[in-house]
Amino acid sequence: MFTGLSAFPLTPLDDDRFDERAYAGLIARLVRAGVDSIGALGSTGSYAYLDREERRRVARAAVRSAGDTPVIVGIGALRTSHVRALAQDAQEAGAAGVLLAPMSYQALTDDDVFGLYEEVTAELSVPLVVYDNPGTTHFVFSNELYARIAALPKVAAIKIPPVPPTPAAAREHVAAVREAVPDHVTIGVSGDGAAATGLNAGCRAWFSVLGGTVPDTVSPLVKAALNGDSAAAVAESERLRPLWEMFAAYGSLRVTAAIAEHLELVPPHCLPRPLLGLAAAQRERVARLVEELRLA
């Protein structure tokens with residue numbers, strides 16, 4: 001479950017309400033593509049914008065539509081009691097695992113974050129993925145904190161931020177994380193533009209934004225890297241560089257939503273307000289890339 005391609009779909013809204021039919025269609029695409037796991041309610045799934053009942057509905061819909069494909073459900077929230085309640089909801093929905101980022105308004109300390117994971121894992125019956133996403137949480141994990149948290153029960157994987165861009169620095173970075181945590185804890189990379197470098201450096205999973213909408217587009221990259229063909233993985237990533245550049249300029253969520261809307265997989269303006277999505281000129285660029293890169 002924590003190796004290979006973990007695909008993170010959008011949570012589409014229609015008139016500010018969860019569009020379960022469109023969501024089921026996105027999940028079905030992932031199942032047909034043979035992804036290794038599905039990440040419901042990650043950052044691409046807009047978890048921070050949804051209330052508890054909406055998140056319960058999304059978790060149940062994901063598990064129901066996924067069949068035998070494991071579903072990892074995001075449970076991040078500002079208060080520990082809310083995270084524990086969301087973890088219970090995810091488990092009752094049938095999630096195979098949960099994903100937890102340390103959300104905050106006030107800045108968190110290492111002890112705050114360790115205490116969060118300690119309390120949540122004490123009650124879990126399914127594996128947990130530590131979600132390190134400093135771009136949105138503004139919290140930076142150290143390898144020492146990774147080690148403390150990885151020693152807790154049920155911690156099964158760490159979703160690390162993008163690795164350094166050069167292969168040597170990436171290998172050194174992943175090796176340092178690997179040395180800090182137990183062997184049973186999988187290290188997976190996020191940040192789609194860094195996926196090939198991270199997988200070639202020793203990460204065993206790619207937690208993918210783009211893979212949640214067009215999984216067949218990214219599957220060759222994962223397969224090449226995990227089969228040891230690092231050159232082919234890099235070539236696949238370079239082919240998609242125009243998308244990675246748009247991700248960097250406008251945010252992966254907005255670009256991916258524009259792709260899904262262009263392909264009519266989700267309703268127009270599917271993001272939660274106040275997020276407006278891309279402007280018209282940017283959407284035209286996305287439409288051209290869909291054709292040029294054969295994303296359809």
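Predicted model: local features only at pLDDT ≥ 70, side-chain atom pairs only at ≥ 80, totals over all residues.

Trainee: Which strands make up the closed barrel, and in what order do they run?

Mentor: Start with the terms: helices (H or I, at least four residues) and strands (E, at least two) are DSSP runs, numbered from the N terminus. Two strands pair if DSSP finds at least two bridges between them. Here eight strands form a closed barrel in the order β1-β4-β5-β6-β7-β8-β9-β10, with parallel pairing. From one strand to the next the twist averages 25°.

Trainee: How does a helix sit against that sheet, for example α2?

Mentor: Contact means heavy atoms within 4.5 Å. Axes are lines fitted to C-alpha atoms, for helices over the stretch in contact, and angles run from 0 to 180 degrees between N-to-C directions. Helix α2 (residues 52-66) packs on the sheet and touches β4 (37-40) and β5 (71-74), its direction making about 170° with that of β5. β4 and β5 are themselves paired in the parallel sense over three bridges, and Ala40 has Val73 in β5 as its bridge partner.

Trainee: Is β5 covered on its faces, or open?

Mentor: Burial is a matter of relative accessible area: buried means under 20%, exposed over 50%, and partly exposed in between (1.4 Å probe, protein chains only). Both faces of β5 are covered, with Val71 and Val73 buried on one side and Ile72 and Gly74 buried on the other.

Trainee: What does β8 pair with on its two sides?

Mentor: β7 is joined to β8 (residues 155-160) by four bridges, the two running parallel. Across that pairing, Val130 has Ile158 as its bridge partner, and Tyr131 stands opposite Lys159. Four bridges also join β8 to β9 (residues 186-189), again parallel, with Ile158 opposite Ile187. β8 is mostly covered, six of its six residues being buried.

Trainee: How many salt bridges are there?

Mentor: Side chains of opposite charge can pair when their charged atoms come close. A salt bridge is a side-chain nitrogen of Lys or Arg within 4 Å of a carboxyl oxygen of Asp or Glu. By this rule the count comes to eleven. One of them joins Glu20 and Arg64, whose closest N and O atoms are 2.4 Å apart. That pair links distant parts of the chain, with Glu20 in helix α1 (residues 20-33) and Arg64 in helix α2, 44 residues apart. Glu20 is partly exposed at 29% relative accessible area, and Arg64 is exposed at 55%.

Trainee: Which residues are linked in a network of salt bridges?

Mentor: Arg52, Glu53, Arg56 and Asp89 are linked in one. Asp89 and Arg52 meet at 2.7 Å, N to O. Asp89 lies in helix α3 (residues 80-93) and Arg52 in helix α2, 37 residues apart. Asp89 is buried at 6%, whereas Arg52 is partly exposed at 39%. Glu53 and Arg56 also form a salt bridge, at 2.2 Å between the closest N and O atoms. These two are three residues apart in helix α2, so about one helical turn separates them. Glu53 is partly exposed at 41%, and Arg56 is buried at 17%.

Trainee: Where is Asp132 found, and what does its side chain meet?

Mentor: Asp132 is in the loop between β7 (128-131) and α5 (134-137). For charge, Lys and Arg count as positive and Asp and Glu as negative, with His and the chain ends not counted. Asp132 is buried yet has no salt bridge, and the nearest side chain of opposite charge, Lys159, is 9.3 Å away. A polar contact is a pair of N or O atoms within 3.5 Å; within protein, one must be able to donate a hydrogen and the other to accept it, and residues adjacent in sequence count only if both atoms are side-chain atoms. The side chains of Asp132 and Tyr146 are joined by such a contact, of 2.4 Å.

Trainee: Is Ser237 buried or exposed?

Mentor: Ser237, in helix α10 (residues 230-239), is buried at 7% relative accessibility. Not counting residues up to four places away in sequence, Ser237 touches Gly193, Ala196, Leu221 and Trp244.

Methods: Residues numbered from 1 in each chain as written. Heavy atoms only, no water.
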